[in-house]
Amino acid sequence: MIADDALFHQAFRDSPIGMALVDEVGHLLEINAAFATILGVPVDQLVGRHFAEFTHPDDLKRDIELRQKIAEGSLAFYQVQKRYVRPSGEVVWVRATVSDVGRHRESQPTLYAVQIEDITEIRRTKELLEHRALYDQLTGLANRTLLLDRISHALERHALRAATVACVFVDIDHLKVVNDSLGHEAGDTYLAQIAARIEDSVRPIDTVARFGGDEFVILLEGVADQDAALRLATRIIERVEAPLSFAGHELAPTLSAGLALAEPGIGAEGLVRNADTAMYAAKQAGRARLEVFSPRMRAAASNKLSVEAELRTAIRNGELVVHYQPVVELATRRIVAFEALVRWQHPQRGLLLPDEFISIGEEANLMVPLGALVLHEACAFAAARPLFAGRVFVNVSTRQIGTADLARAVEEALETHGVAAQRLVLEITESGILMASQAAHADLKAIAAQGVELVLDDFGTGYSSLSSVLQNPVSGIKLARAFTLRLGDGSTGDRISIAMASLTKSLDMYGVIEGVETEAQYLRARSHGWTHGQGFYFGHPAPAEQISIDTDGTIHMSAAAPNTASSR
Ligand code: C2E
Ligand code: MG
Ligand code: MG
């Protein structure tokens, strides 16, 4: 049965799909409400208007061609995605189906039916997904996928040319300090600013990508040789390393970077890997530098992986040992404490100092088990020397604080060995104490509430401001050895030492001056007002077996060959 006209009209009018009848020239004859809504123009204002008035200029030509084909009879209908422009200027994407509905009357020309659906949202999501798949959300830079694709193309393009392709792998030094001290949001902003600086300092043909957390890769195309690539890379690094005023702090960002040039037969992944290996060498060499890839670096990188695996088992197999270095009261030179310092008794390589494995432990997430081991050893050391009235200082890594629940680990070690909390002191680095995270704050508070004191280690080498130090339950500071080395210069070195000593005193904290090696340094430190000291002048770190206490409390350290690197 054929629906009557009224019914048909109602269906047309109320359809949720935009519908219009258009004459052969393109004028809108009849329009339903959905169509008008999509175009953003009331129905009555649309009648008689030409569809071209609303069509996006870039889509018009194709529309006209296709309608022509329908008019010629070579197409029965067509469906396209096209854009309309609303009077407000807003662009809407629609899926439009245009078909020939024949003639109304024999004498009249052909009419067209147009059906449209708003697909703006679908398109936007699709574009977003496509963008997400290729770009980093935080920095807007290319991501790993897009980078590797670009490198592959660049390598193909340059295969037959004299010029070559180079990659610079860049890692922001100490981003963790920014994250830990100013919070992750600030860390993200910092990262985005550095990203913008890199992007601003490359040539238009180069690609900058965010490769991972704080890692960027720059693809340099059409470089003549290694020197040319080095010049470009150096220029980029110099610009990025300009001082940055950030969240009320003056920061001096530094980068560790590795440069690798394409070699015959290399693929995108291989080139990036070489640049990464060179970057790792730069980090090993002390950060804030640029290294050029060479094949022998590969051996070093694979060494790192094996050290990581070895360290994991070393912790389990009891290869880590703890040595103890005396902390003395300067006035009397009496030992008042020992600092626990971890060592690795490596089956092949001998006794390794922390410099050789702590950073690997940090990267490989091994600081929690390593730290727990040292805590237990230190408590056992104290428990085994009931006649020793002093305390044991234990270094803790930032990674042990907060979610890792250091308070719990400390409590457990103390309980296991029956040691009073007052006999333990934890040494925390500036970045550790500055952590903005709630969890870290709460953890430190809980530790202090147990009666365990906290001291700030290597003071003066980080970024802490005095006020942030004071917000934490810190009862002492240890002045970094770098300052001790400058004692007696009759200038800044001495002035800093004096100022720090008096500051410590006025804050009602105790101060330990580290790395005292000579009598001259000892005397000067005393005259500057330091109350406590530590250093080879008073005693080297020694294994627990070499430290014994007489019944009258006298401490004996049997003189064995010092195992401390003198180069520190
Ligand atoms: P630190 O906590 O500042 O420890 C002092 C370092 O200076 C020790 O090096 C010590 O042997 C060395 N030292 C002491 N007196 C002198 C001196 O007069 N001259 C010179 N040149 N050096 C001196 P070590 O044992 O190699 O430890 C290096 C760093 O490794 C420590 O610095 C500490 O930050 C870290 N570390 C050591 N043990 C642990 C641990 O159990 N856990 C964690 N997280 N870090 C640890
Ligand atoms: Mg220490
Ligand atoms: Mg120290």
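Predicted model: local features only at pLDDT ≥ 70, side-chain atom pairs only at ≥ 80, totals over all residues.

I looked up C379 and found a relative accessible area of 1%, so C379 is buried. Next I checked for disulfides, taking a pair of cysteine sulfur atoms within 2.5 Å as the cut-off. By that rule the count is zero.

**Where C167 sits**

I followed C167 to its bridge partner, which is A260 in β11. Strand β6 (residues 164-172) and strand β11 (residues 255-261) run antiparallel, and seven bridges join them. Then I wrote down the sheet around them: it is open, has five strands in the order β7-β8-β6-β11-β12, and its pairing is mixed. Which strands are at the edges? They are β7 (207-212) and β12 (290-292), each of which pairs on one side only. On average, neighbouring strands of this sheet are turned by 20 degrees against each other, ignoring direction.

**Helices on the sheet**

I turned to the helices next. Helix α8 (residues 184-201) lies across β6, β7 and β8 (215-223), and runs at about 5 degrees to β8. Helix α9 (residues 226-240) also packs on the sheet, where it touches β6, β8, β11 and β12. The direction of α9 makes about 160 degrees with that of β11.

**The magnesium site**

Last stop, the metals. What coordinates the magnesium ion (ligand 2)? I listed E339 (OE), N395 (OD1), E427 (OE) and D457 (OD), at 1.9 to 2.2 Å. Along the chain, the donors of this magnesium ion (ligand 2) follow the spacing E-x55-N-x31-E-x29-D. I also noted that D457 bridges the magnesium ion (ligand 2) and the magnesium ion (ligand 3), which lie 3.8 Å apart. E339 is in strand β14 (residues 334-346) and D457 is in strand β18 (residues 453-459), so this pair ties together parts that are 118 residues apart in sequence. Are E339 and D457 buried or exposed? I have both down as buried.

Methods
Residues numbered from 1 in each chain as written. Chains lettered and ligands numbered in written order. Heavy atoms only, no water. Donors = N, O, S within 2.8 Å, 3.2 Å for Na, K, Ca; no water. Helix = DSSP H or I, 4+ residues; strand = E, 2+ residues; numbered from the N terminus. Buried < 20%, exposed > 50% of the residue type's maximum accessible area, 1.4 Å probe, protein only. Pairing = 2+ DSSP bridges. Axes fitted to C-alpha atoms, helices over the stretch in contact; angles between N-to-C directions. Contact = heavy atoms within 4.5 Å.
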